[in-house]
Amino acid sequence: MLKLSLVNQLRSTYKRCLAGQSLQANVADSEYSAQPVYPEIQDPSFKARKQRDAADWHEEIRQVPTVEEKLIKINIPRYYGYKVVDFNDSKIPYNALPLTQHYTRTVLEDLPPLPGSQVVDQGDQPKPSEDASFKTVREDVIEALEFAHDYYKHQEKLPNSAQPSAVEREQILTQIIVEQLNRALLQALSEDHKHLDEVEVDYNPRHEAFWAVGGVDPPKNVINSKKGREWQKDMANESVDRLVQYTGTPYLSLRHRRQLSPWKTTAESENIELSKQIPRFKHDPRTLGYSTKHQHATNVPGYWPKGNEQNFGLLSFQSRAHLQLRPKSYGESDLQEALHSLAIKSSYAWLLAQANYNGFNTYNELTYPMNTQTVITNGREWSFYEYQLNTLLLHGKYQEDNPRVNFCRGTKPLPLYAEISTNGKCVDFNDATLRQLLNFYANVPSIQRSNEEQQPYVASDISAYENPEQRDFIAKTFKYLASNRPRHLELPEVYLWEKLYKIDNNNRAMEAKRRFFTLDVNPWRRTLDQHDKVYVPRAIRGKSRENRYKKTYYP
Amino acid sequence: MSTRWYPIYQRGNPQLRVFLPNFWMKLIRPTEEQPPNVVTFSVSMEMTKYDVRSYLEKIYKLPVVDVRTRIALGETKKDQTYGYITKKDDVKLAYVTLPREESFVFPDFFSEKAEKQAKEEKSLDESKEGFRRFLDRNKKRPGTPGWFSI
Amino acid sequence: MRLTKTLCAQHIGWHFKKHWLVQGKRVPKETGAVAELLKLGVQVKNPEDLLNGKVERKIVDIVGTRVNTIPEDSSHPDWHSTVCHSYSDNNVLIGGLPQAQVLTNCIEIQTFPKQIEDVIASQQLPNSIDKSIRHAILASHVLDAEQVKLPKVRLPERPAFNLPRSYGISHERVNRLLVNKLLHETEKLAGRSVSIRRKLIDNATFKTSINKDGDLLGFSINAEKVIFANRAIEAVKGKFEGDLPDLYPMKTTISIPKHHIYQTDNFYPLRTDISCSHPHTIFTVFNKNLVKNAHGSGVTTSQLQARTLIKAFVVAAARARQLHGDSVEGALPKPIVVQSVQTDGRTFHFGVLQLNTLDLSANNPSKNYWFHRQNYDLFSECSYEAGRTHLTNYNGDVFRIFNAFYNN
């Protein structure tokens, strides 16, 4: 074989000569230059090699042409999913704000008061036309509120076998209020604000996002394993990346074709001093009460990619019903911080998921800022937040080096009304809260970018692929990953007796080594493409033996 | 400690009052790094997180914010002589969160003892080293007495 | 060959067992002692009563993990001796539309009322609307990101096959999104002047019960979306004549399950004294996995249309009872008009019910009116295959009717 290949080489050279190409000239063109060009000198140390490999992989992800394939590519290293910190909108432990800020690289500020409300405070009257329109909106909103409460109260009279819990009750009532209010506001405002006509409304959409965070202390098993090797002892305590998966379902979210305009300039958001001041939480997130799970990386902003034009978030209404479950001992100030951290993580995750559909991800940096507005509500209390996403790079060395930071600014919970009286009338309606909400609706998304500018890392779309088999494969694999369904092949089980007598203590040394743990196979390390290919029946493929298995198109 | 089982609550009176439940808590050193306001206890298996909370609040007047518990599997060990396997009991661990401004440092009782031991070992090492040097010096002249030197 | 030696022994244990059996059933001999004692006036007691006397057990009320279920028998607080035909969301009237007509005393008119027909014919819709509706259909059927386990799919010709479970958007969510998005488009067209007079509600419950020819009928239904208006829809002008279909030999209440445990109260989801409380349009969802015939055969078009009618009827009857008191019988002072739409995400059935009378007896000369047309398909297929979305045979008429209904 070896000899044959040599012969082949010779033959190709010979052919080129026959074709009239001079052997000499060809070589001169390709291999020599007047100035010697040396390859870059590379650091051969282990750490540098590791970093280079990671950077290469991130570059490979960047090169992948479509959004779906990018997500598949990120998932390829794990068949059973990554071990992720379970970030969700229903559990916020005590003292969660520093961790949330660290994990999203966010600077928290206060939302500046509205110019309109200041005018009212000083005693001047706002413009009459504005006042008239505000009055109609106010009436509409009060009517919607009263209607929602009336309906809910009447509904509760129904004899029902299963009594919903306090959390469920709040969710049901708030869902009604938010939907009624959203409808009233869209109708009342759409005459003056034309952008609201193009808004797309998502009802209880699915928001999920995946990202990697650096600067977290390594877990004990990693330290132990590194300490076991002489040459890695020094690196034993170096921080490792943690993967985070957010899952949440807001009551409602509004999307628009255009982007909201950023409220921090590029210069303001690139500040290495500021980035150093962000609180860090170096301990394991489990010490705070977060849990971990294994799951595929998913990025879902409520719809499937390329589905529609309304690709940018305008406003989302988050639930605070689960905060009821927090013990009273956490205190009032921590409740406030919990609201902040809920706003930060939900806004960050939604924006990250949107960014993902524009070709960015936790390893490929954003090229333009993205903004959203978030409202956390239980029907009565409303907290308003604005978020600006400037950076997605939080992993590894970027935790220290990245000068960019994200910004969140918000208010305290403001009551929209004091209570609903027994005869169904709204008492002490708070105009300031309504004005703030109106302000969010009236915020016109104005930024529209060209396709190249908006999606610099997306070269294609799967629906543009010629090969139907490839399209089908990518679409199915993507949905499989994004659906969070269990893998077809379950994890091999380790029985307790095996753990006791074979893994922890080597009591059965003479037994045949057939189980995966005796063969040194780590099932968690299995990669996504390590599976049997799909067999194509003879009736379909014909008599050829070559295409017996369906091709796979992993990026 | 009582020898009675902690009774399951039944509605109605008279209630069975237990004055000495099987409850104990042992402060232990955490195996992994934790925030300073988290304290780890090994507690009796029957205690729930509510029991841990009331224990600390009512008896020691500690400001407890949150309690999380888990049950850790006991270690197994192989007998050196006969090769059978023994297992230690499972323990319930309680992670008690204090208010964020509090910080708890696990008391270090044995630092003095360790210092003393280190000192002793040092002097022992020194004498060992001296003897080794003496042997080295006399390696090339076998048979000469130790006091003989130039 | 070795012959087995006969073992001339008997199993003694077996004999002991038999002995115990026999002795255990020994009947005491009648010695005449009882008669003798009675003659002397001595009271004789049965030894059974003395030895195994009945002890009253004290029932201890223990706090358990769950509330004890109330047995569904005559001790149930809602138990009635008269049987009630209880119609709920998942029932199908086997006789289809004729049965529903007889049940609700409705005559069928196979067109919409004139005002709606006029609006459908004359309305001007912008050109971009079809694009928006197509987008709404895709967004609810294909592009929503919900992924839940869908119901099992069975191949009728191979019922034993276990096909892989598919994940996707649940039927409830598809319909919720579709109706919401269609309404959103309609309200954008209608503007604030109309939509301020309407209120929308999800999952409203309606309950009522009615006596018909001596049978008690109970209805408890759920409408996935309800539009309430601040003014009731005007009664349809003109008089319509027609006969109820003859169901013989079927009884009108066939296939409605009978129960002894029921409540006969009336429930309408809103109070009367709030501004938008008049029923305008109800949207109900038909899910073929939940709504089934008793013997598994598929639901026919006629049965589906019957469902639209019944739902409209229940809403109108519950409203009538709420307005005029539970005891109202016979002709209503003012007819109640309810529009009803049923959909399974693809097929739409529109109808308008005018409730003139609550007297459902067969010999009542005045009838209720049921205006409807045949089913419309919004599209023939909407799917996401091989990375591309497909929407074939989109039918724009559906939205025109939808819009006309909303603006009525």
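Visitor: How many salt bridges are there between chain B and chain A?

Guide: This is a predicted model, and in it the count between these chains is two. One of them links Arg100(B) with Glu337(A).

Visitor: Why is the pairing of Arg100(B) with Glu337(A) called a salt bridge?

Guide: Let's set the value against the rule. The closest N and O atoms of this pair are 2.8 Å apart. The cut-off is 4 Å between a side-chain nitrogen of Lys or Arg and a carboxyl oxygen of Asp or Glu.

Visitor: Which strands of chain B supply at least two residues each to the side that touches chain A?

Guide: They are strand S3 (66–72) and strand S4 (76–78). S4(B) gives the most, with three residues. Sorted by class, this side of chain B has eight charged, eight nonpolar and six polar residues.

Visitor: What makes a residue of chain B count as being in contact with chain A?

Guide: The test is heavy atoms within 4.5 Å. By that test, 22 residues of chain B meet 22 residues of chain A. The buried area is about 1800 Å², with carbon and sulfur atoms giving 49% of it.

Visitor: Why give an area for an interface?

Guide: The size of an interface is often expressed as the accessible area lost when the parts come together. For chain A and chain C, that area is about 4000 Å², of which 48% is on carbon and sulfur atoms. Phe147(A), Arg183(A) and Tyr203(A) supply 17% of what chain A buries there, more than any other three residues. In this interface, 48 residues of chain A are in contact with 47 of chain C.

Visitor: How do you know that Lys181(C) and Glu200(A) form a salt bridge?

Guide: Their N to O distance is 3.1 Å. The limit is 4 Å, so this Lys and Glu pair qualifies. Between chain A and chain C the count of salt bridges is six, and 29 residue pairs are in polar contact. On the side of chain A that touches chain C, H7, H8, S3 and helix H16 (468–482) each supply at least two residues. H7(A) gives the most, with nine. By class, that side divides into 19 nonpolar, 14 polar and 15 charged residues.

Visitor: Which residues lie nearest the centre of the largest cavity?

Guide: They are Asp202(A), Arg255(A), Ala139(C), Asp144(C) and Lys181(C), out of 14 lining residues. Strand S3 (200–203) of chain A and helix H7 (171–190) of chain C each give two or more residues to this lining. S3(A) has the largest share, four residues.

Terms used:
Residues are numbered from 1 along each chain as its sequence is written. Chains are lettered from A and ligands numbered from 1 in the order in which they are written. This is a predicted model: local features need pLDDT of at least 70, side-chain atom pairs count only at pLDDT 80 or more; totals for chains, interfaces and linings use all residues. Side-chain values use heavy atoms; hydrogens and water are left out. Buried area is the accessible area (1.4 Å probe) that two parts lose on being put together, summed over both. Ala, Val, Leu, Ile, Met, Phe, Trp, Tyr, Cys and Pro count as nonpolar, Asp, Glu, Lys and Arg as charged, and the others, Gly among them, as polar. On a 1 Å grid over the protein atoms alone, a cavity is a set of points where a 1.4 Å probe fits but cannot get out, and a pocket is an open set with protein on both sides within 12 Å along at least five of seven lines; lining residues have an atom within 4 Å of a point. A polar contact is a pair of N or O atoms within 3.5 Å; within protein, one must be able to donate a hydrogen and the other to accept it, and residues adjacent in sequence count only if both atoms are side-chain atoms.
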